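Have the structure open while you read.

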Amino acid sequence: MATFLYKLGRIAFRRRRYVALVWVALLALAGFGAASASTATSSSFSIPGTEAQRAFDLLEKRFPGGSADGATARVVFKAPEGEKVTASANKAEIKEIVGELKSGSDQIASVADPFAAKAVSQDGSTAYISVSYKVSSMELTDGTREALEDAGEAAQSGGMTVEIGGDALQVMPETGATEIIGVAIAAVVLVITFGSLIAAGLPLLTALIGVGIGVSLITALANVLDLGSTTSTLAMMIGLAVGIDYALFIVSRYRAELAEGREREEAAGRAVGTAGSAVVFAGLTVVIALVGLAVVNIPMLSKMGFAAAGTVAIAVLIALTLVPALLGFAGKRVMGRRARRAAEAENKPEAKPNMGTRWARFVLRRPVWVLLVGVIGLGAVALPATSLEMGLPDDGSQPKSTTQRQAYDMLSDGFGPGFNGPLLVVVDTKGASDGRTAVDRVSQEIEGIGHVAAVTPATFNKAGDAATITVIPKDRPSSTETEDLVHAIRDAGDGIKDDTGAEVLVTGATAMNIDFSEKMNAALLPYLALVVGLAFLLLMVVFRSLLVPLKAALGFLLSVVAALGAVVAVFQWGWFGSLLGVEQTGPIMSMMPIFMVGVVFGLAMDYEVFLVTRMREAYVHGESPGQAIVTGFRHGARVVTAAAVIMMAVFAGFIGSSESMIKMIGFSLAIAVFFDAFVVRMAIVPAVLALLGRRAWWLPRWLDRILPNVDVEGEGLRKDVSGGPSEGGGQRELVGV
């Protein structure tokens, strides 16, 4: 592979004008496609194989035109202090708004009068209008949203407080200025690392081009593939991070080759052949981990994984082709005078040890203490993960300043927290001898279950073979009591089906969230086994060792669990939440653990490959195990540190998002990169290798013969390529320098 990439790098360098033109053309075409594509009309959420989804599908069949998947809204009214919404003036105002809503848009399916629907609190202080739409929230027109927002203005002028909840006002998440700050921090780190504005700007430029192509393609295909609103944001988050890092490794190696006196084209070829080999491998692990999210069988999650994986693949291709092409344009200006002098000094035997060398020697002197501090420290951070509660965000997790959150709080105060998450019980009476009797029994059984605030009368379809019952829990939607209530209704439904033949199904947003969380829980261990097993096999091929891959996989697990513990402490317990803009604590997003495993696995392999590959190369060329560790850190620690800081900065930039899901993902990935890069790879890995000694690199001969030789280190390139100084000196033949 190294030889092929070496030739590719030289061709890209030599034909740099054509290569640059091709990528600019691809960016323009993708941008044109995004600009001309119709707005995504749907962002459906389905969970195949769950009871909530089966009930939802049954509703669409038995209640045609009922807009089961349509957007909903609740216009909540609170009377002024000392008054009631049932007062004549307030009641007239609310009824007038009901009429305005009905005539406000042809996308409205129904508007429920709160006085006819008994949607008035017992103390008379609060009432709400339920609004259903024929289309999903993403298909609502601006005029429809404006009509909803304007509905309460007249009532507010009369003294009532009016807030609007539901998904009808759902909009694209805002990431805020912190995203730009993250990129700015990355730029500063690159300037410090390279000491050259051109060298620092090149990874940023190529990463932005890659992300621009990836996000534009996602936007262009969003309508066709039914991509959610957060898909492009996540793809941009991951694409920016890996795009900068991959270009960083190529540019860094290119500068090292120039420092040794090689010609520019030869240096570009060798940079792509060596560092590029590791980029391919690291990118492949990220892609496989993201595509592997499809095994969970959640369409939304699968699409997020595929979109992010496509952006990562583009980042790899850009690193292998556009980066060497732009290096051709930059010439030797990619290396400043100070950097050149530093590189020359580093090659001298009497050169002062750099920070990486000093740290590696410290770890070699005290490997047991470093290992204990690292493992115990991460273990302590991971402890909150034992209290993990998973769910999906609702209006209760919105910032307190939003109308959705205020409507949520008003409903909780006036009616009880369960009114924010009603359950919809669907009864299929097709197999029952007496459908109405069966439905009456369902209502009676539910009323006898604890934690139920109210049960509405059943509503039958025209054919009379299905009915719906709305159940209001006593507790908030994300509580364990509501989850227990859903399971209790389903358990009771099993007995009813045996006795009457009627099938009882529970659905609604709350039940869907519960089923989603349970499905993610069930898929976590199989997916973790898949990813860790894949990591072990891939690293065994790369490092020709059994213990090194085992150590890498265990370290990866430790960093993921520690990051999950930090997420629980901040977003569930509220520790330091005010610093991150977390206004409401609650369950951790259900997909977070699996998503973290998929993404962090790929990123962890980046650092493992770029750091440990150099150690193995030094060991193979005759250095002692301890000296090989020092050599690896002398050449790789600075670049890996810069790469980790850049990734952390990019991910942390998304913490400023107004969307709680994006905020949580940004924080979790940033903290996971910190733990994996600086604690696991920089401390625990060298400590373990120091304790293992030569045993770390042992591989049975029979297994060595079976495993393919992917040549990530560029050993084949050393034999196939002639010319240039220092051909025999393997000290600088490394990945990621």
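1. To start with a quick one: at its relative accessibility, does H451 count as buried, exposed or partly exposed, and what is the figure? H451 counts as partly exposed, because its relative accessibility is 40% and that class sits between the 20% and 50% cut-offs. Bear in mind throughout that this is a predicted model.

2. Staying with H451, look at its backbone. Its phi is near 65°, a positive value in a residue other than glycine. Most residues other than glycine have a negative phi. You will find H451 in the loop between helix 16 (435-447) and strand 7 (452-455).

3. K118 also deserves a look. K118 is not a glycine, yet has a positive phi of about 55°. The residue sits in the loop that runs between strand 2 (108-112) and strand 3 (126-133). K118 counts as exposed, since its relative accessible area is 75% and the cut-off for that class is over 50%.

4. Now the salt bridges, of which the structure holds 19. Take R490 and E51: they form one of them, with the closest N and O atoms 3.0 Å apart. R490 belongs to helix 17 (residues 480-500) and E51 to helix 3 (residues 51-62), so this pair ties together parts of the chain that are 439 residues apart in sequence. Both ends are buried: R490 has a relative accessibility of 11%, and E51 has a relative accessible area of 18%. Those values count as buried because the cut-off is under 20%.

5. R490 has another partner to check. D515 forms a salt bridge with R490, and here the closest N and O atoms are 2.8 Å apart. This pair, too, links distant parts of the chain, with D515 in helix 18 (residues 509-543) and R490 in helix 17, 25 residues apart. D515 counts as buried, at 4% relative accessibility. If you are viewing R490, then, show both E51 and D515 alongside.

6. Two further items on charged side chains. R262 and E257 meet in a salt bridge, at 2.4 Å from N to O, and both R262 and E257 are buried. Elsewhere on the list, R10, R14, E265, E266 and R270 are linked in a network of salt bridges.

7. Next, a surface feature: which residues form the nonpolar patch? They are V368, W369, L372, I376 and L691, and together they have about 520 Å² of accessible area. Helix 14 (residues 367-382) gives the most to this patch, with four residues. I376 lies in helix 14 and is exposed, with a relative accessible area of 56%; that counts as exposed because the cut-off is over 50%.

8. Helix 14 also comes up when you look at packing. Two packed helices are described by the angle between their axes and the distance between the axes. Helix 14 and helix 19 (residues 547-572) pack at an angle of about 40°, and their axes are 7 Å apart. That angle makes helix 14 oblique to helix 19. Their crossing is left-handed.

9. For another helix pair, turn to helix 20 (residues 592-620) and helix 21 (residues 625-652). Their axes come within 7 Å and cross at roughly 160°. Helix 20 and helix 21 are therefore roughly antiparallel to each other, as angles over 145 degrees count that way. The crossing of helix 20 and helix 21 is right-handed.

10. I489 is in helix 17 and is buried, with a relative accessible area of 2%. I489 and V425 are 64 residues apart in sequence, with 8.7 Å between their C-alpha atoms. L411, in helix 15 (residues 403-415), counts as buried at 3% relative accessibility. L411 and G165 are 246 residues apart along the chain, and their C-alpha atoms are separated by 9.5 Å.

Methods
Residues are numbered from 1 along each chain as its sequence is written. This is a predicted model: local features need pLDDT of at least 70, side-chain atom pairs count only at pLDDT 80 or more; totals for chains, interfaces and linings use all residues. Side-chain values use heavy atoms; hydrogens and water are left out. Patches are made of residues with over 30% relative accessible area and no salt bridge: like charges are joined within 9 Å, nonpolar side chains (Val, Leu, Ile, Met, Phe, Trp, Tyr) within 5 Å. Accessible areas come from the Shrake-Rupley method with a 1.4 Å probe; for residues, only the protein chains shown count as cover. A salt bridge is a side-chain nitrogen of Lys or Arg within 4 Å of a carboxyl oxygen of Asp or Glu. Helices (H or I, at least four residues) and strands (E, at least two) are DSSP runs, numbered from the N terminus. Buried means under 20% relative accessible area, exposed over 50%, partly exposed in between (1.4 Å probe, protein chains only). Axes are lines fitted to C-alpha atoms, for helices over the stretch in contact, and angles run from 0 to 180 degrees between N-to-C directions. Angles under 35 degrees count as roughly parallel, over 145 as roughly antiparallel, 65 to 115 as roughly perpendicular and the rest as oblique. A crossing is left-handed if the near helix is turned anticlockwise from the far one by less than a right angle, and right-handed if clockwise.
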